[in-house]
Amino acid sequence: MSETSIAAAAEPTSFAFDPLSDEQIAIILKRYPPGRQASAVIPVLYVVQKQMGRLTGSAWVPRVAMDAVAALLEMPPIRVYEVATFYLMFNTKPIGRFHLQVCTTTPCWLRGSDDVVAACKRATGIQHMGETSVDGLFTMTEVECLGACVNAPMMQINDDYYEDLDGPRTEALLAAFRRGETPPIGSTIGREGSMSVGGPTTLTDEAALWNPEHYAAERRARAEAEAAAAAAAAAPPPAAPPPAGE
Ligand code: FES
């Protein structure tokens, strides 16, 4: 969908939950006691956004869908609008197929988020935050800390995190999406979890005590040594040698 067609697709005149959404909403509503369905407004809005992404390629929440949520949850529409417009995770305008949410908060900035932003602009043609690429594939948004600072800089693309980015790796990532591939999520340099960039530096010795087998062996050896020492202490003293000359 091009940027023009995205704009043209804005604000549909009707919205209906599809069967998959109906199924998901039925599960969500069971979590709340009768009369408290309004508490489900956030997860239900999320279902709407996923449905829009599934059916149109643009994951957003149109006004008519907010009205449908209000009717479903028996709450005033304004209460749904307030929630949908307050939280950044809800897109109240059409977006591209891939939503690039680039973290620029201090840890990511110190680790090079400017390079990530520049690479996103180069790879997509987007000039400013909040814009959608002309081919309708990408929308770039600036976000605050996404809680993955340990592998900064990072960005979220749709529901997934891509970490340890730099300019070239960001461009390669977006090129892969453009080709229709789904790159592996997480660290782009193969870091596992939050381990050090240079690889693990602790608990690397197989014979170290943290290894359960070696720990058990060490405990056995210590217990045997203690038992031997106790037995030696309890044993009668050796008989004194006979005096010389007898
Ligand atoms: S500062 Fe970027 S994830 Fe925390």
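A: Let's start with glutamate 218, which is partly exposed, with a relative accessible area of 30%. Here buried means under 20% relative accessible area, exposed means over 50%, and partly exposed is anything in between (1.4 Å probe, protein chains only). Arginine 222 is also partly exposed, at 49% relative accessibility. Glutamate 218 and arginine 222 form a salt bridge, with the closest N and O atoms 3.2 Å apart; the term stands for a side-chain nitrogen of Lys or Arg within 4 Å of a carboxyl oxygen of Asp or Glu.

Before going on, a caveat: this is a predicted model, where local features need pLDDT of at least 70 and side-chain atom pairs count only at pLDDT 80 or more, while totals for chains, interfaces and linings use all residues. Residues are numbered from 1 along each chain as its sequence is written, and side-chain values use heavy atoms, leaving out hydrogens and water.

Both partners sit in helix 9 (residues 212-234), four residues apart, about one turn of the helix. Helices (H or I, at least four residues) and strands (E, at least two) are DSSP runs, numbered from the N terminus. An α-helix has 3.6 residues a turn, so residues three or four places apart point the same way.

That pair belongs to a set of eight salt bridges in the structure. Another of them links arginine 179 to glutamate 181, closest N and O atoms 2.8 Å apart. Arginine 179 is exposed at 55% relative accessible area, whereas glutamate 181 is partly exposed at 39%.

Then there's aspartate 159 with lysine 50, whose closest N and O atoms are 2.4 Å apart. Aspartate 159 is in the loop between strand 3 and strand 4 and lysine 50 is in helix 3 (residues 41-56), so this pair ties together parts that are 109 residues apart in sequence. Aspartate 159 is partly exposed at 43% relative accessibility, and so is lysine 50, at 34%.

Helix 3 and helix 4 (63-73) are among what covers the buried residues of helix 5. Those buried residues of helix 5 (residues 77-86) are Val80, Tyr81, Val83 and Ala84. They span an arc of only 165° around the axis, which puts them on the same side of the helix; the arc is that of the directions from the helix axis to the C-beta atoms. Thr85 and Phe86, on the other side of helix 5, are exposed.

In the largest nonpolar core, with 25 residues, Val41, Leu45, Val69 and Val80 touch the most other members. At least two residues of this core come from each of helix 2 (19-29), helix 3, helix 4 and helix 5. A nonpolar core is a set of buried Ala, Val, Leu, Ile, Met, Phe, Trp, Tyr and Cys residues joined through side-chain atoms within 4.5 Å. Neighbours within four places in sequence aside, leucine 45 is in contact (heavy atoms within 4.5 Å) with Val61, Met66, Val69, Val80, Val83, Ala84 and Phe90. A second, separate core has 16 residues, including Phe98, Ile126, Phe138 and Tyr162.

Now the other end of the link, the strands. Five of them make an open sheet with mixed pairing, in the order 2-1-3-4-5. Strand 2 (138-143) and strand 5 (186-187) are the edges, each pairing on one side only. Two strands count as paired if DSSP finds at least two bridges between them. Strands 1 and 2 are parallel, over six bridges, and cysteine 103 has valine 143 of strand 2 as its bridge partner. Five of the six residues of strand 2 are buried, so this strand is largely enclosed by the rest of the structure.

Strand 1 (residues 98-103) runs antiparallel to strand 3 (residues 155-157), with three bridges between them. Helix 7 (residues 113-124) packs on the sheet, touching strands 1, 2 and 3, its direction at about 155° to that of strand 1. Helix 8 (residues 167-178) packs on the sheet too, touching strands 1, 2, 3 and 4, and its direction makes about 0° with that of strand 3. For these angles, axes are lines fitted to C-alpha atoms, for helices over the stretch in contact, and values run from 0 to 180 degrees between N-to-C directions.
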